[in-house]
Amino acid sequence: MEATMRRARNGSVELEVESRGRGPALVVGHGLTGTRHVSFEQYAPLQDRFTVVAFDQRGHGDSTPLTDVTAYDPQAMADDVAAVFDEVGAQRAVLAAESMGAVGALLFALQHPERVEKLLLTGPAFGDTISLRRAWLRGIGEEITTLGYDAYLKLLEGRLRNDLGLDASATAARLAVYQRHDPASLATAFLATSEWVPFPDLSILRNLRVPVSIVAWPGDDLHPLPLAQRMAEQLPDATLSLIDSIIQVLSDPASAVRPHFAHLPVG
């Protein structure tokens with residue numbers, strides 16, 4: 001379907017926003033290292049029922065590059081979601097987000113529940129404690145900075161193939177996404193998120209009177225299943241669905257979000 005491009009502004013940060021499809025808005029925010037293109041790959045099956053609105057998160061893709069760790073602030077990311085809603089004229093919409101993006105989406109929903117019809121969270125990564133992968137996140141940021149981006153991507157290719165076992169096609173797809181980023185901006189995002197504790201007390205989620213669908217998976221300390229389970233326990237109206245593993249997310253992004261579809265209106 002034909003795409004409509006916009007730029008949403010939050011202060012000095014501009015966000016690249018793309019809309020495809022027809023029907024009510026479904027706004028999608030990707031995770032760390034992702035882009036709006038990944039979001040469209042995931043939610044393409046819904047474009048005949050929704051206008052899918054995907055945006056590049058701050059510092060990612062075609063949005064404003066950022067090299068100050070303080071710019072990757074969870075509240076700023078929630079305000080980015082508000083800027084995207086406003087730019088496309090969505091007074092109320094379904095909101096979907098993955099991993100890092102789940103933080104901004106959840107904060108936005110807590111602060112503006114009247115604007116969120118349903119909230120779809122895939123692999124929440126940050127909650128009430130420092131990330132179990134804090135050292136790994138910092139290490140990636142430092143590798144990009146010290147080795148240079150080409151050398152880092154070479155390392156990444158080996159890790160995707162040899163450590164995670166992705167096939168050549170899935171590996172190439174992941175590397176293509178990384179090529180869309182400003183290297184210094186992406187390195188800063190890794191360093192910043194390594195320190196995130198966006199919800200020091202998860203009991204705040206009890207205040208969210210919005211239906212929430214969560215998709216999670218076992219065996220991944222970056223997206224801990226116990227965190228998703230504790231979030232689901234606190235949320236008044238939440239459904240938790242499990243998929244196989246992070247390998248499914250990386251090799252078939254569309255299948256990873258499919259459990260959400262059962263919680264959306266048919267027409």
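Reader: At what angle do helix α4 and helix α7 pack, and how far apart are their axes?

Author: Two packed helices are described by the angle between their axes and the distance between the axes. In this predicted model, α4 (residues 134-147) and α7 (residues 183-193) pack at an angle of about 160°, with their axes 7 Å apart. Axes are lines fitted to C-alpha atoms, for helices over the stretch in contact, and angles run from 0 to 180 degrees between N-to-C directions. Helices (H or I, at least four residues) and strands (E, at least two) are DSSP runs, numbered from the N terminus. The angle makes α4 roughly antiparallel to α7. Angles under 35 degrees count as roughly parallel, over 145 as roughly antiparallel, 65 to 115 as roughly perpendicular and the rest as oblique.

Reader: Is the crossing of α4 and α7 left-handed or right-handed?

Author: A crossing is left-handed if the near helix is turned anticlockwise from the far one by less than a right angle, and right-handed if clockwise. The crossing of α4 and α7 is left-handed.

Reader: Which residues make the contact?

Author: Contact means heavy atoms within 4.5 Å. Among the residues on the α4 side are Trp 136, Leu 137, Ile 140 and Ile 144, and the α7 side includes Leu 186, Phe 190 and Leu 191. By class, the contact of α4 with α7 has nine nonpolar, three polar and two charged residues. Here Ala, Val, Leu, Ile, Met, Phe, Trp, Tyr, Cys and Pro count as nonpolar, Asp, Glu, Lys and Arg as charged, and the others, Gly among them, as polar.

Reader: At what angle do α5 and α6 cross?

Author: The axes of α5 (residues 149-163) and α6 (residues 168-178) come within 10 Å and cross at roughly 150°. These two helices are therefore roughly antiparallel to each other. Their crossing is right-handed. Residues of α5 including Tyr 152, Leu 156 and Leu 160 meet residues of α6, among them Thr 171 and Leu 175. The contact of α5 with α6 divides into eight nonpolar, one polar and three charged residues.

Reader: What is the angle between α1 and α10?

Author: Helix α1 (residues 36-43) and helix α10 (residues 253-261) pack at about 60°, and their axes are 8 Å apart. That makes α1 oblique to α10. The crossing of this pair is right-handed. Glu 41, Gln 42 and Tyr 43 in α1 meet Pro 253, Ala 254, Val 257, His 260 and Phe 261 in α10.

Reader: What is the order of the strands in the sheet?

Author: Two strands pair if DSSP finds at least two bridges between them. The open sheet of eight strands has the order β1-β2-β4-β3-β5-β6-β7-β8, with mixed pairing. Its edge strands, each pairing on one side only, are β1 (4-10) and β8 (238-242). Seven bridges join β1 to β2 (residues 13-21), and these two strands run antiparallel. Thr 4 has Ser 19 as its bridge partner in β2.

Reader: Where does Val 88 lie?

Author: Val 88 lies in the loop between α2 (74-87) and β5 (93-98). Val 88 and Ala 8 are 80 residues apart in sequence and 8.6 Å apart in space, C-alpha to C-alpha. Leaving aside its neighbours within four places in sequence, Val 88 is in contact with Arg 6, Val 17, Ser 19 and Val 53.

Reader: How many helices and strands does the protein chain have?

Author: The protein chain has ten helices and eight strands. Its C-alpha atoms fill a box of roughly 45 × 40 × 35 Å, taken along the principal axes.

Reader: On what basis are the values given?

Author: Residues are numbered from 1 along each chain as its sequence is written, and side-chain values use heavy atoms, with hydrogens and water left out. Because the model is predicted, local features need pLDDT of at least 70 and side-chain atom pairs count only at pLDDT 80 or more, while totals for chains, interfaces and linings use all residues.
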